[in-house]
Amino acid sequence: MTCRICLSSTHVLLDMGESPPANSLKEAANQPEDFYPLVLERCNTCANVQLRDCIAPEKLYSRYLYMTPDSPSLTQHYAFLAGELTDRAVLRSGSLVVEIGSNTGKFLRHLQPFVRKVVGIDPAANICEVANQSGIETICDFFNDTSAEVLKERFGRPALIVARHCFAHNPDPHEMLRGVTRLLDGDGYFVVENAYLLNTVENNEFDQIYHEHMFYYSIRSMQALLAQHGMHIVDVLMVPVHGGSIVFLIKKIAPGDQLGAAVEEGARREDHALTPETFNRFVANTLEIRRRLREKVSDLLGTRQRIYTYGATAKGNTLLNFVGISAAEIPFCVDSTPAKHGRYLPKSNIKVISEEEGLASPPDYFLLTAWNYRDEIIAKVRRRGNVRSKFIVPIPSVSVL
Ligand code: JHZ
Ligand code: ZN
């Protein structure tokens, strides 16, 4: 098809068949649901990796069940980012910060002590309500050229615009960048945090492929995109969250801009690492994980072991549906988000229960669908007195802890 960054032709890397949107948890089991193709493709020119078929954002985000969890590793990450941004004088006491896709406002709360004002913008009405009630001013809208103008009129120009794990969640990044260039202060920063393609591929994180993730960014593809908008990456940070993410520090191109050495070093590493062979290996490893996980689950059920999944994650739904696991085999999924409790996972029909319910009747095994929080989830389960349940960790390869 066509690259949505540079309009060149693309080739298919991996076709995962059809699945329902990953966060479309259902109120009743076996409720009818819509299926959409999940096809990963790569541009023949600009290094962009994208989803071939995009679902309209209005359908995905107007009501949204993902709420940033309480997590020690995320809290630590927010503190790290706030420190980095302060050290680089991106956060200043007089400045305004706007966060796109701010969810319940957890990150903005961490920035609040360092700046004059923080404002969030998020398209999900139910999420905005939670954020506003907790005291983080949040506008309910999609971020684009039009809403950027509204924000500018109302609050002025921010010295920092943040987009964490939402920049790839839109079919047209050009539209978002038009909004950013309109709104951002002349020498302000646009900070984008996203799952990093190199980690996704090298760690076999095929479950990161779902309809919300419409792009799989690298330094090279981000450079190709920004160049069309008079912007560039001035530095990058590699961070551990969500299976390995990259933080792009972006500015409008201006004479005298200093570029951090990590940008060119990282880009050259990508040129070396992201070869057709690498993508072939990624596909082969994906199929191997599917085979081994299928086998592991069947073997355990054959010996009457009980399995629940841990984490009603978006990526977990890709994993379960691609491997072909359903409620007949795994009846329950444990998750800490109250809004997900009592709902059913798309396609697999697995029922979501609370962590407390999971503790009251623990299974023999948890399939860790929130593997990005592996250490803290296992520590929490043990701390709460469950020393018996084992954990099947699917990524980067199937292992049991
Ligand atoms: P988590 C979402 O993906 C969707 P998901 C989105 N598209 C995206 O890009 C990423 O986030 C960033 C639960 N949990 O963060 C809470 C526990 O039960 O891996 C969450 O439902 N106990 C925006 O859904 C889920 O796991 C715990 O102790 O893949 C984690 O979801 C913890 C820490 C979490 O994102
Ligand atoms: Zn391209």
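Author: Let us start with N30. This residue is exposed, with a relative accessible area of 63%. The model is a predicted one.

Reader: Why is N30 called exposed?

Author: Exposed means over 50% relative accessible area. N30 has 63%, so the label applies. The residue is found in the loop between β1 and β2.

Reader: Which residues coordinate the zinc ion (ligand 2)?

Author: The donors are C3 (SG), C6 (SG), C43 (SG) and C46 (SG). They coordinate at 2.3 to 2.4 Å. The cut-off for a donor to this metal is 2.8 Å, so these atoms qualify.

Reader: What makes the site of the zinc ion (ligand 2) tetrahedral?

Author: Four donors count as tetrahedral if all angles lie between 85 and 135 degrees. Here the angles among the four donor atoms are 101 to 114°. The site is therefore tetrahedral.

Reader: How are the donor residues of the zinc ion (ligand 2) spaced in sequence?

Author: The spacing is C-x2-C-x36-C-x2-C. Distant parts of the chain are linked: C3 lies in the segment before β1 (10–19), and C43 in strand β2 (residues 36–43). These two cysteines are 40 residues apart.

Reader: Are C3 and C43 buried or exposed?

Author: Buried means under 20% relative accessible area. C3 has 1%, so C3 counts as buried. C43 has 5%, so C43 is buried too.

Reader: How do the axes of helix α10 and helix α11 cross?

Author: Two packed helices are described by the angle between their axes and the distance between the axes. For α10 (residues 276–302) and α11 (residues 314–323), the axes come within 9 Å and cross at roughly 75°. The range for roughly perpendicular is 65 to 115 degrees, so α10 is roughly perpendicular to α11.

Reader: Which residues make the contact?

Author: From α10 come T286, L287, R290, L293 and R294. From α11 come L319, F322 and V323. By class, the contact has five nonpolar, one polar and two charged residues.

Reader: Where is the cis peptide bond?

Author: The bond runs from I395 to P396, with omega near 5°. P396 lies in the loop between β15 (390–393) and β16 (399–400).

Terms used. Residues are numbered from 1 along each chain as its sequence is written. Chains are lettered from A and ligands numbered from 1 in the order in which they are written. This is a predicted model: local features need pLDDT of at least 70, side-chain atom pairs count only at pLDDT 80 or more; totals for chains, interfaces and linings use all residues. Side-chain values use heavy atoms; hydrogens and water are left out. Axes are lines fitted to C-alpha atoms, for helices over the stretch in contact, and angles run from 0 to 180 degrees between N-to-C directions. Helices (H or I, at least four residues) and strands (E, at least two) are DSSP runs, numbered from the N terminus. Angles under 35 degrees count as roughly parallel, over 145 as roughly antiparallel, 65 to 115 as roughly perpendicular and the rest as oblique. Contact means heavy atoms within 4.5 Å. Ala, Val, Leu, Ile, Met, Phe, Trp, Tyr, Cys and Pro count as nonpolar, Asp, Glu, Lys and Arg as charged, and the others, Gly among them, as polar. Donors are N, O and S atoms within 2.8 Å of the metal (3.2 Å for Na, K and Ca); water is not among the atoms, so sites may look incomplete. Four donors count as tetrahedral if all angles lie between 85 and 135 degrees; four count as square planar and six as octahedral if opposite donors are over 155 degrees apart and all others between 65 and 115; anything else is irregular. Buried means under 20% relative accessible area, exposed over 50%, partly exposed in between (1.4 Å probe, protein chains only).
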